[in-house]
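Colleague: I would like to go through this model with you, from its strands down to one residue. Please keep the terms plain.

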Amino acid sequence: MSTCKTLLFGLIFLLFAGCESTKSLNPLSLLTGNSWVLSSLMGKGLDMNHFVGGIPSLSFLDDGRLAGFAGCNNFSGNFSIEGSQINLDPGAMTKKMCPGSGEQEFISTLAKVGDLKVTKDKLTLLDGATELMSFVPKND
């Protein structure tokens with residue numbers, strides 16, 4: 001009987017320890033630890049003819065600040081996260097004239113984002129279950 005109680009106590013301890021380690025996977029720490037470079041848009045690879053100024057990127061900064069490059073212009077705004085939901089506000093943007101339609105597509109897609117999945121190797125921004133864009137960490 002004593003062995004059974006010890007085994008049961010051990011299983012309960014492992015269960016709570018396992019739950020606690022899952023809580024420590026904080027999406028905010030994964031987001032702010034990287035600068036993210038766009039790797040797909042609307043489920044497709046990037047057509048660089050649309051992004052002649054360069055590949056769009058996002059940086060999640062402390063205190064809910066967001067900075068990025070939309071393919072031609074830079075922007076800075078805010079973001080907020082609650083669970084797997086994210087709200088992105090690109091805020092102010094520089095106003096250079098640029099060829100290609102990629103920047104406008106990137107910004108309009110960014111406005112549709114409501115959810116996220118993040119690991120150390122990939123950031124996926126979604127609208128519900130629909131993947132809108134994915135990013136990989138920027139290699140400096």
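Colleague: How many bridges join strand 6 to strand 7, and do they run parallel or antiparallel?

Modeller: First, this is a predicted model, in which local features need pLDDT of at least 70 and side-chain atom pairs count only at pLDDT 80 or more, while totals for chains, interfaces and linings use all residues. Residues are numbered from 1 along each chain as its sequence is written, and side-chain values use heavy atoms, with hydrogens and water left out. Strands (E, at least two residues) are DSSP runs, numbered from the N terminus, and two strands pair if DSSP finds at least two bridges between them. Strand 6 covers residues 115–118, and its link to strand 7 consists of four bridges, with the strands antiparallel.

Colleague: Is Thr124 buried or exposed?

Modeller: Thr124 belongs to strand 7, residues 123–127. Buried means under 20% relative accessible area and exposed over 50%, with partly exposed in between (1.4 Å probe, protein chains only). Thr124 has a relative accessible area of 9%, so Thr124 is buried.

Colleague: Which residues does Thr124 touch, not counting those up to four places away in sequence?

Modeller: Contact means heavy atoms within 4.5 Å. With that exclusion, Thr124 touches Asp115, Leu116, Lys117, Glu131, Met133 and Ser134.

Colleague: What share of the 140 residues in the protein is buried?

Modeller: Thr124 is buried. Across the 140 residues of the protein, the buried share is 32%.
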